[in-house]
Amino acid sequence: MRTIDKRGKFSRRIVLQGAAAAPAVAATIGVISADCAWAQAAKNLQPRTLAILVQAARDIFPHDQFPDRLYVAAVGPYDTKAGQDEALKLLLEVGALRLDADAAGKHGTGYLELNWEDDRTALLRNIQHTLFFKKLRGDLVVSLYNQKEVWTRLDYEGSSAEHGGYINRGFND
């Protein structure tokens with residue numbers, strides 16, 4: 001039987017690098033915009049962090065026909081989990097701070113203020129090997145696509161196991 005080490009794989013150096021970038025980022029980036037006012041209800045994460053996670057979710061899994069509320073519902077549980085898991089909270093805060101710092105360094109503005117999707121996805125490609133990105137992408141596969149409203153928007157009829165499987169429910173359609 002194999003055991004999996006679930007401890008975070010980020011070091012003190014990564015945290016300090018993120019903290020060192022914070023003043024520079026804060027000087028160039030404003031608070032969240034009015035269309036992200038829902039993020040003010042965050043209890044454990046910074047509102048800007050939550051807004052960045054939602055925008056990153058939209059950039060990782062882009063669907064023009066999905067309203068923002070579906071991405072908010074997918075990312076929202078992170079706020080609760082961050083209150084229970086300090087390592088997760090640190091991972092998300094530092095990861096969002098890094099995205100903002102990278103955007104400020106490359107484009108002179110924060111991640112949320114970048115208007116071009118190509119600019120944001122280029123920043124995400126630069127961090128695709130980090131634990132932050134892998135955690136976000138891995139969790140979103142379940143939390144985004146396991147919403148019934150998403151199923152209807154993608155013309156997925158849902159599980160068929162309780163109806164005898166797909167063989168008699170459109171397998172040959």
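What is the relative accessible area of Glu149? In this predicted model, Glu149 has a relative accessible area of 29% and is partly exposed. Buried means under 20% relative accessible area, exposed over 50%, and partly exposed in between (1.4 Å probe, protein chains only). Residues are numbered from 1 along each chain as its sequence is written, and side-chain values use heavy atoms, leaving out hydrogens and water. As the model is predicted, local features need pLDDT of at least 70 and side-chain atom pairs count only at pLDDT 80 or more, while totals for chains, interfaces and linings use all residues.

**View A. The protein chain has eight helices and zero strands.** Helices (H or I, at least four residues) and strands (E, at least two) are DSSP runs, numbered from the N terminus. The order from the N terminus is α-α-α-α-α-α-α-α. The chain has 173 residues, and 37% of them count as buried. Areas come from the Shrake-Rupley method with a 1.4 Å probe; for residues, only the protein chains shown count as cover. Take the contacts between residues at least 6 apart in sequence: 64% join residues at least 24 apart. Contact means heavy atoms within 4.5 Å.

**View B. Glu149 and Arg153 pair within helix H8.** Their salt bridge has its closest N and O atoms 3.1 Å apart. A salt bridge puts a side-chain nitrogen of Lys or Arg within 4 Å of a carboxyl oxygen of Asp or Glu. The two residues are four apart, about one turn of the helix. Arg153 is partly exposed, at 33% relative accessible area. The structure holds eight salt bridges.

**View C. Arg48 and Glu113 form a salt bridge.** The closest N and O atoms are 2.9 Å apart. Arg48 sits in helix H2 and Glu113 in the loop between H5 and helix H6 (117-126), so the pair ties together parts 65 residues apart in sequence. Arg48 is buried, with a relative accessible area of 14%. Glu113 is partly exposed, at 29%. Asp100 joins Arg48 and Glu113 in a network of salt bridges.

**View D. Arg58 and Asp68 meet through their side chains.** This salt bridge spans 2.9 Å, N to O. Arg58 belongs to helix H2 and Asp68 to helix H3, ten residues apart, and the pair links distant parts of the chain. Arg58 is buried at 18% relative accessible area. Asp68 is partly exposed at 42% relative accessibility.

**View E. His63 lies in the loop between helix H2 (47-60) and helix H3 (68-75).** His63 counts as buried because its relative accessibility is 16%. Its side chain makes a polar contact of 2.6 Å with that of Tyr145. A polar contact is a pair of N or O atoms within 3.5 Å; within protein, one must be able to donate a hydrogen and the other to accept it, and residues adjacent in sequence count only if both atoms are side-chain atoms. Setting aside residues up to four places away in sequence, His63 touches Arg58, Tyr71, Tyr145 and Leu154.

**View F. Leu70, Tyr71, Ala74 and Val75 are the buried residues of H3.** Their arc around the axis is only 130 degrees, which puts them on the same side of H3. The arc is that of the directions from the helix axis to the C-beta atoms. Their cover includes H2, helix H4 (77-84), helix H7 (131-145) and H8.

**View G. Tyr78, Asp79 and Ala82 are buried in H4.** Down the axis of H4, the buried residues fall within an arc of 105 degrees, so they line one face of the helix. Among the elements covering them are H2, H3, H5 and H7.

**View H. Ala96 is found in helix H5 (residues 86-107).** Relative accessibility is 1% for Ala96, which therefore counts as buried. Beyond neighbours within four places in sequence, Ala96 is in contact with Thr49, Ile52 and Phe132. Gln46 is 50 residues from Ala96 in sequence and 9.8 Å from it in space, C-alpha to C-alpha.

**View I. Leu154, Tyr156 and Tyr166 form a nonpolar surface patch.** Together they have about 280 Å² of accessible area. Patch residues have over 30% relative accessible area and no salt bridge; like charges are joined within 9 Å, nonpolar side chains (Val, Leu, Ile, Met, Phe, Trp, Tyr) within 5 Å. Leu154 is in the segment after helix H8 (148-153). Leu154 counts as partly exposed, at 36% relative accessibility.
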